Amino acid sequence: MDAPHWLPEFALLCVLACIFAYSLLSNLIAKTIVTLPMIFMAVGYIAAQPLEHLAAPGALDAGKRLLAEITLVLVLFSDASHVRFKALRKTFTIPARMLVVGLPLTIGLGMVVAYTLNPASGLAMALLTAAVLTPTDAALGQTVVASDTVPEHLRQTINVESGLNDGLVLPFVLFGAILASSVMGAAETDGLALAATLQVVLGPVIGIATGWGFAKAMDVAQDRDLIAESAGGVAFLAVAFSAFIGAEIIGGNGFIAAFVAGMVFGNTYKHDIHFIGEFMEGVGQLLTMAAFLIFGALLLPDGLAHMNWRAVVLALLFLTVVRMVPIWLSLLGTGLPLREKLFLGWFGPRGLASILFTLIMMDEFDFPGEQELLACVSMTVFLSILLHGVTAAPLSRWIRRGA
């Protein structure tokens, strides 16, 4: 029997009601183990079938790709813009080790694990899988980041790492996707290395030029009192998407450009960039809700449909051994006690970046084993949403007792 014609609209109305209810109860929810990703993943999964009938499959695919690109550009730029080079000289030792040593080790170990579990997929797919599942998402451990019971240096480390690692892992994701797509029988491999190199090189060039140029222009406008307070958010959008589009036009990678532009803008602009944080607290949270809703509605059902024991084992290993061992190794010699090293190793939740990278890479490239990749990412993010959400509060109290 066909579903009633009004069912998709009714499902959308229910989703909007859930968004409104979450807004009304946000302070109360923050005191529980329930998190925003948990809620909207569940809402999306429950509403998956009717939401699929909202539009034609092609329109849905285009819509989720557009949402993924918009969200990723804003997240990359926003996170990078809050990193201050001067302050990092004093406080960057621990997150620098995690990013410079721990991140490549995580990708390398993850690649070994992925290839060992499924050697038939090849080394390129193993690299892509490891790269997509390496970036962390502080939103899944917001209880930890916002908790006064967690020592400030640990909260700051988690914030800096999660803010930078999604941008730093982008070249690995890009190379993994390009190499994996090149093994397809009819794939065009001529000029592959040059195209990949141009994407990684031209992206930062455009990012530097855009971030510096827009920051200087806004400084002049601010000094002469030409810019209205309410225009800051609009300017933020213009800078972020100018970097993205400019890089794409000349063959660079737009996401790398947005990330670099954010760092340059944040360190060049002389005035307060509070407008970026204020914008992301509102619109950014709505985009995060939409991303986890799409994950629950469109990715998780397909991922579960192709689930097998390898995906479950890989997910568990990526959340534990593949994450925690490289972080522990990267922090040797820092003087941190073992409990703090374990704490930092565990709180590397996988979420928004992994979802967005998967959506964009699967849409942009054709490579073997796409469904297996989707299953691995879906299971890893699903388990991370549950496990990191549930353990955030008790482990925050545990780390306080040892302080």
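Helices here are DSSP runs of H or I with at least four residues, strands are E runs of at least two, and both are numbered from the N terminus.

This is a predicted model, in which local features need pLDDT of at least 70, side-chain atom pairs count only at pLDDT 80 or more, and totals for chains, interfaces and linings use all residues. Residues are numbered from 1 along each chain as its sequence is written, and side-chain values use heavy atoms, with hydrogens and water left out.

Which residues does Leu-109 touch, not counting residues up to four places away in sequence? They are Val-321, Val-322 and Pro-326. Contact means heavy atoms within 4.5 Å. Leu-109 and Val-322 are 213 residues apart in sequence, yet their C-alpha atoms are 6.1 Å apart in space.

## The largest cavity

A search of the whole structure finds two cavities of 30 Å³ or more. A cavity is a set of points, on a 1 Å grid over the protein atoms alone, where a 1.4 Å probe fits but cannot get out; lining residues have an atom within 4 Å of a point. Grid points are joined across faces, edges and corners, and a volume is the space filled by probe spheres set on the points.

The largest cavity has a volume of about 190 Å³. Its lining has 18 residues. Nearest its centre lie Ala-114, Asn-118, Leu-314, Glu-372 and Cys-376. Helix α20 gives the most, with four residues.

The lining divides into ten nonpolar, six polar and two charged residues. Ala, Val, Leu, Ile, Met, Phe, Trp, Tyr, Cys and Pro count as nonpolar; Asp, Glu, Lys and Arg count as charged; the others, Gly among them, count as polar.

## The second largest cavity

About 60 Å³ of space lies in the second largest cavity. Its lining residues include Met-98, Thr-106, Glu-161, Arg-323 and Arg-350. At least two residues come from each of α7, α10 (152-168) and α17 (321-330). Here α7 gives the most, with four residues. By class, the lining has three nonpolar, four polar and three charged residues.

Met-98 is also a contact of Thr-157. Thr-157 belongs to helix α10. Is Thr-157 buried or exposed? Thr-157 is buried, because its relative accessible area is 3%. Leaving out residues up to four places away in sequence, Thr-157 also touches Ile-94, Pro-95 and Leu-344.

## Nonpolar cores

A nonpolar core is a set of buried Ala, Val, Leu, Ile, Met, Phe, Trp, Tyr and Cys residues joined through side-chain atoms within 4.5 Å. The largest has 110 residues. Phe-236 and Phe-265 have the most contacts inside it. Helix α15 (residues 274-305) supplies the largest share of this core, 15 residues.

Residues up to four places away in sequence aside, the contacts of Phe-265 include Phe-77, Phe-214, Met-218, Val-239 and Phe-275. A second, separate core has 15 residues, among them Leu-154, Ile-158, Leu-336 and Ala-392.

## Ala-131

Ala-131 is found in helix α8. Ala-131 is buried, because its relative accessible area is 0%. Its contacts are Val-169, Phe-172 and Val-173, leaving aside neighbours within four places in sequence. The C-alpha atoms of Ala-131 and Leu-170 are separated by 7.9 Å, although these residues are 39 places apart along the chain.

## Cysteines

How many disulfides does the structure hold? It holds zero. A disulfide is a pair of cysteine sulfur atoms within 2.5 Å. For Cys-18, the nearest cysteine sulfur is that of Cys-14, 6.9 Å away. Cys-18 counts as partly exposed, because its relative accessibility is 29%. Cys-376 counts as buried, at 11% relative accessibility.

## A positive phi

Most residues other than glycine have a negative phi. Asp-225 is not a glycine, but its phi is positive, about 55 degrees. Asp-225 is in the loop between α12 (192-223) and α13 (232-249). Asp-225 is exposed, because its relative accessible area is 65%.

Notes: 1 Å grid on protein atoms, 1.4 Å probe; cavity = no way out; pocket = protein on both sides within 12 Å on 5 of 7 lines; lining within 4 Å. Buried < 20%, exposed > 50% of the residue type's maximum accessible area, 1.4 Å probe, protein only.
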